[in-house]
Structure formats: structure tokens, C-alpha cells
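Please read the following account with the coordinates open beside it. The text goes chain by chain, then turns to a contact between chains and a few local sites.

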Amino acid sequence: MTGVNLSSPHGEALKAAGEVDGRSLWQDAWRRLLANRAAFISLIVLVTLGVVSVVGPYVLPWTYDQIDWDHVEAMPPNFAMGHYFGTDSVGRDLLARTLFGGRISLMVGILATTVALTIGVTVGAVAGFVGGKVDQLLMRFVDLMYAVPLTFFVIILMVLFGRNFILMFLAIGAVEWLTMARIVRGQTLTLRNKEFIDAARASGGSTTAIIIRHIVPNVLGVVMVYVTLTIPQVILLESFLSFLGLGIQEPMTSWGMLINDGAAELEINPRTLIIPAAFMTVTLFCFNFLGDGLRDALDPKDR
Amino acid sequence: MTVLDIRDLTVRFATHDGEVAAVSNVSLSIAKGECLGIVGESGSGKSQTFLAAMGLLAPNGRATGEVNFSGMNLLTAGEKALNSVRGNKVSMIFQDPMTSLTPHMKVGRQLAEVLVRHRGLSAADARAQSIAMLKRVQIPEAERRFEAYPHELSGGLRQRVMIAMALLCAPELIIADEPTTALDVTVQAQILDLIRIAKDETNAAIVLITHDLGVVAGLADRVAVMYAGRIVEVGDVRQIFKAPQHPYTKGLLACTPRLDDETGGALLTIPGQPPNLQRLPPGCAFNPRCAYVMERCLRERPALLPDAAGGLSACFLTNAQGAP
Amino acid sequence: MTAPLLQVRDLKVHFQVRSGGLFGTSIPLKAVDGISFDLKAGETLGIVGESGCGKSTLGRAVLQLLPATAGTVAWLGSDLTALDKAELKAQRRNMQVVFQDPLASLDPRMTAGDIIAEPLRNYHAELSTAEIKARVKEMMEQVGLLPSMINRYPHEFSGGQCQRIGIARAMILKPQLVVCDEPVSALDVSIRAQIINLLTDLQRRFNLSMLFISHDLSVVRHISHRVMVLYLGKVMELADRDALYRTPRHPYTQALISAVPIPDPEKERAKPRVIVNGDLPSPLNPPSGCVFRTRCPKATEICAQVAPPLEHAGAGHEVACHHWRE
């Protein structure tokens, strides 16, 4: 607590000066996150990976779908030709493919999580705050959705709409929001009984205003932690679907597909498995460390 | 005869923003049969003083000084020695009995175990003595309550069970930390009565830690007032209430609304905010809120010395340091 | 005599509590069970009682934060319980609330300025940001906060300052009624007096009506004009402040008053004690007849059979006891 004493000389000085800037809980959490070495390094690695995946494919001499007709076979790294990580079995540059795959994987991770976040927070906050029949209805729907097997759900979508890149985001997002909704609902239920919610109602706030102004900002901390844990989950899910042949289509690629391809050549050419797998593992590790760091930084016990 | 003698006790806590002294250079002694009231607001260090004395500090806390009890220094005594003292020669009663009773164990078993462990009684004897003790603290249907779980009892009954547990081993010292704060007024009156009876019957020394001046006025023989981790005034209960010396004690008495006050005018107040232990002012910690603050108070910290009223106080105006 | 601002008639708030088990039936918890009172403009009514007496529920029901099971809450003659959402919102600006826990009643992610401005934003959408800020700063000054602290967050204030923020939020619309629900119970002694003085000062300055809910009889005596004593959802006694404290008629009021410790060793040790035995009965299973009879020193047979009605016991003095004359 950093109460400022009204009658102290310090207080008088403040009175004379202009407005004092406060330090919000977010700023506090940010400070604690930066102090956490593992989380901080993870954050830097992730940002770097993200930038490299987006920018990399434009600056590399080879594109992800370009076949080096001089070497239509797996070739070890060759700096003179610009194949820094070598090529795959059909002569495409592995680095370009790994970076492009990273772009797709991260995009699926982030977009699908955003879809999950939007639906999950809305449904969870409304169910938790409004309660009663609305709560019952929404949560039974969530239970129902849980019961549908994911692969089955995705196959049906594929059959109905054909294989589609965007569909993948939607399919994964439509599954991932369920847990998010449950978490947000639980948090909202505890928040709903806080006195500041009653105070907001007594000062004339409508239900929508209270949800937007008070509930959502206060569940965001927990949601952030869950988001950082959902992104790697989604990346894994995408790899799994691609592995089954339900995901991205050639020549487009993702880490999951690269790993799938590499696995087939494990014995003759382990490089094609190890490189994308290493990228993906590092990313997943970093997201998990970041999630842990966020959880510590946002821990309400520290407030 | 002195039961507990605290010398120069300092308690520091390691926190995110550096080290904080919760208790600074506190010296106190309690005699047999005496009830010492410790008064202070939150953050005054009143609870931490005695938690430290009993070796019950949070892991990030560190205590220095001396706490002499039955021939040993509790601060340097090992965990084994402390365990033989706690619950046996010293009993503690806390504000919330629900957190001090194990929820999944019947209260009877918790009581009897104390006797088995510290007094080496047989199970049957322990049971008989525990029920007798429950009756002594006026718990109706003691035999039935012996078989109850803590959550089946009301707040008042739970606090009675805690007092029964505290009295079981005939302790030399009872430390009661805000024993009635969580209770309703009518139940508080019952519990205070019970402590009063226990005090008369057992001759144990009692430390009564509270923020409620009324509770102290009714029970204590001597009172110590704490502010920002230090004792600012100690004295006989009648003297403290009739002729408080330290400006903080005066302020505290003046700003407490009283049931017997018929005038109903504006209350006198102590201005400002409670002290922030991380940013105490130099000199006397009370100086930003004190009505009598002098230039000297901003530089020097007054020591706790005898004053004209016969007690000790830490203020340049009231004790021997004040004379030029 | 001015007409009462607030008229509460036979107000009941019952909660349904499930009695365990999968197919458990629900039993009513009568938190507020038939309470009536009037409140005049500029008057402070103290509401005292122990935990579970329904005092906080009563406050929330008056503000329509909880639905009433039965009875009416009339504001200047119009029944609030019958209003629709929009009409209720229009009326609500006249009645505000201050809560017990200063930190919990403030949204931790909003600045002091945003918290205090919230009612203004709800009712005065036409005000510009600069105007809102000016009003907030003015109000901060009135409740003893430094206006320069406008951008600080609740965790950066001490408990007393947080309570001042809560009071500023309640006062910014210049309401006619403020319900104070244990506003000083969570505060330190030295801060408590500051807040009590602030509330009395605001009350006089704006001719506020207050419902002052507290378990602390000393504070209630200090701040109230009239006092109502509750026990298990029912009114035990209602009287002018001095009448109630000087000549309490109800055995429960007498016990309450004698149980409060007085910070004076001579008086505290000499005073006669009316100790009531036992604990509060469960509100789920209140005693028949008079709810206080299980702990009452004067209880007789009739108390178990007939619930005593509120009887007139002097000017503005009402008691619910069969034996108050004895």
C-alpha cells in the first residue's frame, strides 16, 4: 500500500504539482513479468520467431514452393546455393519452408485463439453474470459441444465445406472456446458477488455496461494466462490434423506437416524432421514459460 | 515473578520492495497473574511481536533480540524445544478459531490429543479431562459437543473450544490475539467474561492483543500502546485511560466513539493516514500526524523512558528527554 | 412535519436455501421478515444488530439491489418495487450506497477518477470529459482527497482513502439518500473517526438522509438521529437515539448496550452486565413466537406462542416485546 499522507510535507508537494500518474495492476504485472527471467527470455524468443517467420520468406533466396531443379533430392546445407538448412526430398529449401510453416502455425494458433477468446469470454461473462436460465442454457450447450469428438467434427466440416484454410481456424476456435467459457464463467461468478459490482449497479449501470466495464477487464488476467497456454495447444492440434491429412494442403505447409514429411524420411534424412521439430518445440516451450510467468505476475495474492 | 521477558525484539520481513521492519526494538515483560493489553492499529506490529516470540513468523520473517521464557531464549531455541513450550506452557488464542482448529477432526479428539501429547495421559483420562474443561468454559451439552466437528459449532462455541484448549495444560502464559474481533457483541461479552474468570482462576499471565480500547479497559492490568512497530507508551491501565501521556494514545482515546458519550459532537481525529512501514519518516514515526510536533521530532527518535504519570512513554514532551 | 422521503412497509426478503442432497427441498431463509419504517429528509436512521439479523439485506432491498419477496419500498410516494428498469434507473440516482470493505468496493482496474466518475457517465452522457474531470476533482476535494491523485489506482491508497473514494462516488450525483453498509467497520480506529466526521459533515451540508447500518452501537449512537434494532430479520425496537440508549425497553437492546465495552476501566469494570446466554439461533429455523425468546431473560410461555407486535412505548418509541412494561 502506498498511501500518501495528506498532511505530510510530501503530500503538500504533491498538491502543488500536477496530477500524479498511478500504476495500474497491469503495469505492476508487466514489471513483475519482466523481472521473471525465463518469461522475459521466452517473450523475446517468441517475438523474434514471429518477426522472422513473417519477414523471412520475403528475404530468402528461395520461396517455400520453389523447387531447385538442380537438386531434386534432399541435400545437406549448402551456403553457396542459399540452402542454409538444405532442401527436402523434392528439392525445396528447408529454411524457407520452416519459416513459412511457422507463419502458418503461429497464425493458426493466434487466430484460432482469438476466435476462442471472443466467443469464450462473451459466453462465459454473460452466463456467469446474468445467471439463472441463461446460464443453464449456455452451459448445457457447452457440455453438449464437449461431447462431440473433435476429429469427427472437423471431418464433417471438411465434407460440408471442402478443405479450406479459414475453416481450420474456425473449427479449432469453435472447440477451444469451450474451456475458455467455463473459466471465464467461474471467474465471473466470484466477481459478481464483489461489492464493486453492487456499487456499479447502484450507480445506475446496466448489465451490459457492467459486463464490459467491470467484469471483462477483471477476468482478463486469468484469460491472458489461458491464452498463452491455448496457443501452443492449438498449434499442436493443427499439427495433429495436418498429420491426419485434414489440415493444410501442399504446397502450403505448417510445422505439423513438415514434421509429418520429415518423419517419413527419418532414417535417411533426420535433418528434415529435426529442424522443424526444434522450431516447434522451442515455440511451445516459450509459450508455456510465458504462461507460467504471466500467472505469477498476475497472481492476485500479491496485490 | 516475570513469566515472559522480551528484550530488544526486532522483526524484519523480506518483501518484493526490500526489507521491512514490522517490529523495532520492543522490550516488554509480563508477570505471573498479570494481564497485559497490547493496543495498536493494523501494521503496528502488535501481533507480529508475539508471533515472533513464539517462533511462528512467516517464512520471509526474521527476528532478532531475546525472548526469555522459563529459562531459555525462545528465539534461539530449536523447533523441538519450541514445540514443548507451545500448546503446553504457552497457549495461543486467535481471532478466527476456524483456522486454528483442524476441520476434519472432531473437537474432542483435538482437545484430548493435547493432553496425550504434552501430559502423557491415557485416552480415557484425556477424554474425561477434556469434557470437564468444556464444561468449565460453559459449553452446554459438553459430551455431545465433544463429538462434533468444528464446522458444526457456532463462532462463539468454537472460540470457547479454543479457550478450553488453551487452558487444558494449565499454561503459564496465554496469548490472546484479537480473541473477540470476529464475534458478535453479545457473544463477545460472554467470551470476555470467560477470559476474566480464567484469569482469576488460573493465575496465568495473559497477553491480550486487540485494537478495541474497550476490551482492554475491562480486562487488562497494564497496557502497551504500539505504533509503527514500536511501543510508544506503557503503563497501568487506569493511568493510561485517565492520563494518557503520548500524543498518539491521547488521540486514540479521543477519536474512539463511546457508547456513554451523550454529547454527539464531531469526534476529535488523528489526521493523516496510518504509517507506511516502508516509508517511515525520519525521527519519531508519529511526527506527520502529531499535533504537538516539534522540530526535534523530525530529526531524533524519542526513546521509551519514564514519564511524570508513572509509566513509560516515547515522546520528548512527556519523558525525561524533554527537559532541556 | 415533512412527508417522509422513504416509506418501507412490511418489507420481506426471503431466500430459498437448498437443504442438501440431490433432491433436497428448499426452505426459506427469512433474512428480512416484515420490516416497516419511515425516513425523513436530512435524517439518519441507524440500523443495528448482530450478524444474520438482516441489516445488510435490508439496505440492499431498499436500494433494489435485491428483489423484495413482499412489501413495498416507497420513494416520495412511488413504490420502487413496482418500477420497470428504465424508471428504476431514473430513481436510482437519488439513492446511493457506501460499502464496508473499502478495497473490495472499488474496481481494482479503474483509476480513482474513473471510479468516482462512473455514476456521472451513467446519468450525464452529455458531459464532456473535461467537465466530468472537473466535477470529480471538486468532489475529491470535498471528501478530503488530493485531486492530483485522480489517476491513481485503488491499491495505491490506504483503507481510509479508499473509503473516501467510495463516498465520493456515492456523493457525485448529489443523491438524497445514502445507504451506508458498515462503512467504518473495516477501518482502523484513528481513520474511523475521520470517516464518521466526513459522513456527518456531508450529511449536514447536503441535507442527506442516511441509513447507517452497523453492528457497532457506539458509532451508531454517535451518528444517528433514530435507531432501529434488528434481530433475526425482525424489528425489536425503534426509537429516537437518546431514548433508545438511555431507556432501552427491549431486553435484547438492553443486553446489546450492556455488552459493548466502554474504553474506561472504572466504568467498564463497575457496570452491571446483562449477559444473554447462548448463540444466535439459525435463521433457517427461527424460534416460534418471539424470535429472541430462546436467549431472553424475561421469556415466558406467551413468548413461545405469540410473536409480539410493535407496540407504542412513548413518543416515537416502538418495542416488540410482551414484557416491556415490567
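What follows describes the chains, an interface and some individual residues and helices.

This is a predicted model, in which local features need pLDDT of at least 70 and side-chain atom pairs count only at pLDDT 80 or more, whereas totals for chains, interfaces and linings use all residues. Residues are numbered from 1 along each chain as its sequence is written, chains are lettered from A and ligands numbered from 1 in the order in which they are written, and side-chain values use heavy atoms, with hydrogens and water left out.

Chain A holds 11 helices and zero strands, where helices (H or I, at least four residues) and strands (E, at least two) are DSSP runs numbered from the N terminus. Its pattern along the sequence is accordingly written α-α-α-α-α-α-α-α-α-α-α. The radius of gyration of chain A is 24 Å, while a compact globule of 303 residues would have one near 19 Å; this quantity is taken over C-alpha atoms, and the globule rule is 2.2 Å times the number of residues to the power 0.38. Along the principal axes, the C-alpha atoms of chain A fill a box of roughly 80 × 55 × 25 Å. Of the 303 residues, 48% count as buried, a term that means under 20% relative accessible area, with exposed meaning over 50% and partly exposed lying in between (1.4 Å probe, protein chains only).

The accessible surface of chain A comes to about 14500 Å², and 68% of this belongs to carbon and sulfur atoms; such areas come from the Shrake-Rupley method with a 1.4 Å probe, and for residues only the protein chains shown count as cover. Chain A carries 21 positive and 24 negative side chains, and the centres of the two sets lie 13 Å apart. In this count Lys and Arg are positive and Asp and Glu negative, with His and the chain ends not counted, and a charge is placed at NZ of Lys, CZ of Arg, CG of Asp or CD of Glu.

Within chain A, A:T272 sits in helix α11 (residues 271–297). Is A:T272 buried or exposed? A:T272 is buried, because its relative accessible area is 5%. Leaving aside neighbours within four places in sequence, A:T272 is in contact with A:T87, A:D88, A:L94, A:L258, A:G262 and A:E265, contact meaning heavy atoms within 4.5 Å.

Chain B has 12 helices and 12 strands. Its radius of gyration of 21 Å is close to the 20 Å that the globule rule gives for 324 residues, so chain B is as compact as a globular protein of that length. The C-alpha atoms of chain B fill a box of roughly 70 × 50 × 40 Å along the principal axes, and 55% of the 324 residues are buried. The 32 positive and 32 negative side chains of chain B have centres that lie 4 Å apart. In helix α5 (residues 123–136) of chain B one finds B:A128, which is partly exposed, with a relative accessible area of 47%. The C-alpha atoms of B:A128 and B:E143, 15 residues apart along the chain, are separated by 9.5 Å.

Chain C contains 11 helices and 12 strands. With 326 residues, a compact globule would have a radius of gyration near 20 Å, and the 21 Å of chain C agrees with that. The C-alpha trace of chain C spans about 70 × 55 × 50 Å along its principal axes, and buried residues make up 58% of the 326 residues. For chain C, the mean positions of the 37 positive and 33 negative charges are 1 Å apart.

Helix α3 (residues 112–123) of chain C is mostly covered, with 10 of its 12 residues buried; among them are C:I115, C:I116, C:L120 and C:Y123. The cover over the buried residues of α3(C) includes α8 (195–202) and α9 (207–243) of chain A, together with α2 (85–92), α4 (129–142) and α5 (159–171) of chain C.

The size of an interface is often given as the accessible area lost when the parts come together. Chain B and chain C bury about 4000 Å² between them, 54% of it on carbon and sulfur atoms, where buried area is the accessible area (1.4 Å probe) that two parts lose on being put together, summed over both. In chain B, B:V185, B:T186 and B:L259 lose the most area to chain C, together 19% of what that side buries. The contact takes 51 residues from chain B and 43 residues from chain C.
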